[in-house]
Amino acid sequence: MAMSGAVDLGVIKERAEAQRAAAQRAEAQRAQTQNQNPAAGAGAPAGPPAGAPPAGPAVIDVTEVTFEAEVLDRSMSQLVVVDLWAEWCGPCKQLSPVLERLAAQSGGRWVLAKVDVDANPRIAQAFRVQSIPMVVAIVQGQPVTAFNGVRSEAEITAWIDEIFAQVGHALTGAPADAPAEEPTDPRMAAAEEKMNEGDFDGALAVYRSIVEAEPDNVEAASAARNLEFILRARAHDPSIVENAAPHDVDAQLAAADVLLLSQKPEEAFDRIIGVVRVTAGDERERARTRLLELFELFDPAEPFVVSARRKLAMALY
């Protein structure tokens, strides 16, 4: 299906921008240290020789922090195919190895960017993901075509060839000079490593410690909110969506979590707004507070967030 102009990928730049700001602070501190002690930089290994050919990987694991650099920036010269998947998704486990093999065989013609939608909900929302696996082709910062479900190797090859036939003139291949890797906050790097290892509880503890030390750290606060939600939502029995009694506040809030984790934000928000309508006092306030917390997981300009805020106001007043 064609997608050009259908989604706005700018909403997932927030974390990358925060990361760059942290990197710039770290670089400034490093430069100041070297100015004070010139010997501190001595003995550092030399970089690759000028003109060395690029040796970028064919398959990249992408997060909300790295999306701008690894997908949007890279797609200005090289086709980037985004594989939106999740650990619990059986069809994803059938499709991903095929995509990875084809990317490795492409000789740098295109690169595969893998995104775990559970760990990176902003990316999933940006692509309006309704079901996975979902595969999206990105050219010059914009999605141009996509497909859902499992495809054969021959079908995927034909799909890639069609993309190059249509927009290949806009691509020059892998950049001759890969951008220098920006320094990262070691605490954020440690948290991301824990996430990659599947240790979400450990990653959350790191993010919380950063926020406690730096209350204005937008990136860490956003990551902590996302992980808190994911861990809470995964703990619920999915059957709660069907079994929750209308006046059972705890059950309805749990059902909303499950719906949101399933990429159904409108239904999730409506569940909680329904609770607000039929409750009063502390229970109504608890539901309202939870809904406001869930709003923070998204760009406030998202249409479904704007609509839900209007519905909430009507339910309250």
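Student: How do the axes of helix H11 and helix H12 cross, and at what angle?

Tutor: Start with the two axes and the angle between their N-to-C directions. This is a predicted model. Here H11 covers residues 265–278 and H12 covers residues 281–295. Their axes come within 8 Å and cross at roughly 155 degrees. An angle over 145 degrees counts as roughly antiparallel, so H11 is roughly antiparallel to H12.

Student: Is the crossing of H11 and H12 left-handed or right-handed?

Tutor: The crossing of H11 and H12 is left-handed.

Student: Which residues make the contact?

Tutor: Look for heavy atoms within 4.5 Å. From H11 come Phe269, Ile272, Ile273, Val275, Val276 and Arg277. From H12 come Arg284, Ala287, Arg288, Arg290, Leu291, Leu294 and Phe295. Sorted by class, the contact of H11 with H12 has nine nonpolar and four charged residues, with no polar ones.

Student: Where does Ala315 lie, and which residues does Ala315 touch?

Tutor: Ala315 lies in helix H13, residues 303–316. Leaving out residues up to four places away in sequence, Ala315 touches Ile273, Val276, Arg277 and Arg284.

Student: How far apart are Ala315 and Ile273?

Tutor: Check the chain and the space separately. Along the chain, Ala315 and Ile273 are 42 residues apart. Their C-alpha atoms are separated by 6.9 Å.

Student: Is Ala315 buried or exposed?

Tutor: Compare the relative accessibility with the cut-off. Buried means under 20%. Ala315 has 13%, so Ala315 counts as buried.

Student: What about helix H7 and helix H8: at what angle do the axes cross?

Tutor: H7 spans residues 200–213 and H8 spans residues 218–234. The axes come within 9 Å and cross at roughly 145 degrees. H7 passes H8 in a left-handed crossing.

Student: Which residues meet there?

Tutor: On the H7 side, find Phe200, Asp201, Ala203, Leu204, Tyr207, Arg208, Ile210 and Val211. On the H8 side, find Ala220, Ala221, Ala223, Ala224, Leu227, Glu228, Ile230, Leu231 and Arg234. By class, the contact of H7 with H8 has 13 nonpolar, no polar and four charged residues.

Student: At what angle do the axes of H3 and H5 cross?

Tutor: Take helix H3, residues 90–105, and helix H5, residues 153–167. Their axes come within 10 Å and cross at roughly 50 degrees. At that angle, H3 is oblique to H5. The crossing of H3 and H5 is right-handed.

Student: Which residues of H3 and H5 make the contact?

Tutor: H3 supplies Leu95, Val98, Leu99, Arg101 and Leu102. H5 supplies Glu153, Ile156 and Thr157. The residues of this contact of H3 with H5 divide into five nonpolar, one polar and two charged.

Student: Which residues does a disulfide join?

Tutor: Look for two cysteine sulfur atoms within 2.5 Å. By this rule the count is one disulfide. Cys89 is joined to Cys92, with an S to S distance of 2.3 Å. The link of Cys89 and Cys92 is right-handed, with 85 degrees about the S-S bond. Both Cys89 and Cys92 are buried.

Student: Now the backbone. Which peptide bond is cis?

Tutor: Most peptide bonds are trans, and most residues other than glycine have a negative phi. The bond from Ile132 to Pro133 is cis, with omega near 5 degrees. Pro133 is in the loop between helix H4 (121–126) and strand E4 (134–139).

Student: What is the phi of Gln140, and what is the phi of Gln263?

Tutor: Phi of Gln140 is near 50 degrees, a positive value in a residue other than glycine. Gln140 sits in the loop between E4 and strand E5 (142–148). Phi of Gln263 is near 65 degrees, also positive. Gln263 lies in the loop between helix H10 (249–261) and H11.

Student: How accessible are Gln140 and Gln263?

Tutor: Gln140 has a relative accessible area of 40%, so Gln140 is partly exposed. Gln263 has 11% relative accessibility, so Gln263 counts as buried.

Student: How many helices and strands does the protein chain have?

Tutor: The protein chain has 13 helices and five strands. Of its 317 residues, 44% are buried. Among contacts with a separation of 6 or more, 70% are between residues 24 or more positions apart.

Terms used: Residues numbered from 1 in each chain as written. Predicted model: local features only at pLDDT ≥ 70, side-chain atom pairs only at ≥ 80, totals over all residues. Heavy atoms only, no water. Buried < 20%, exposed > 50% of the residue type's maximum accessible area, 1.4 Å probe, protein only. Axes fitted to C-alpha atoms, helices over the stretch in contact; angles between N-to-C directions. Helix = DSSP H or I, 4+ residues; strand = E, 2+ residues; numbered from the N terminus. Parallel < 35°, antiparallel > 145°, perpendicular 65-115°, else oblique. Left-handed = near helix turned anticlockwise from the far one by under 90°. Nonpolar A, V, L, I, M, F, W, Y, C, P; charged D, E, K, R; others polar.
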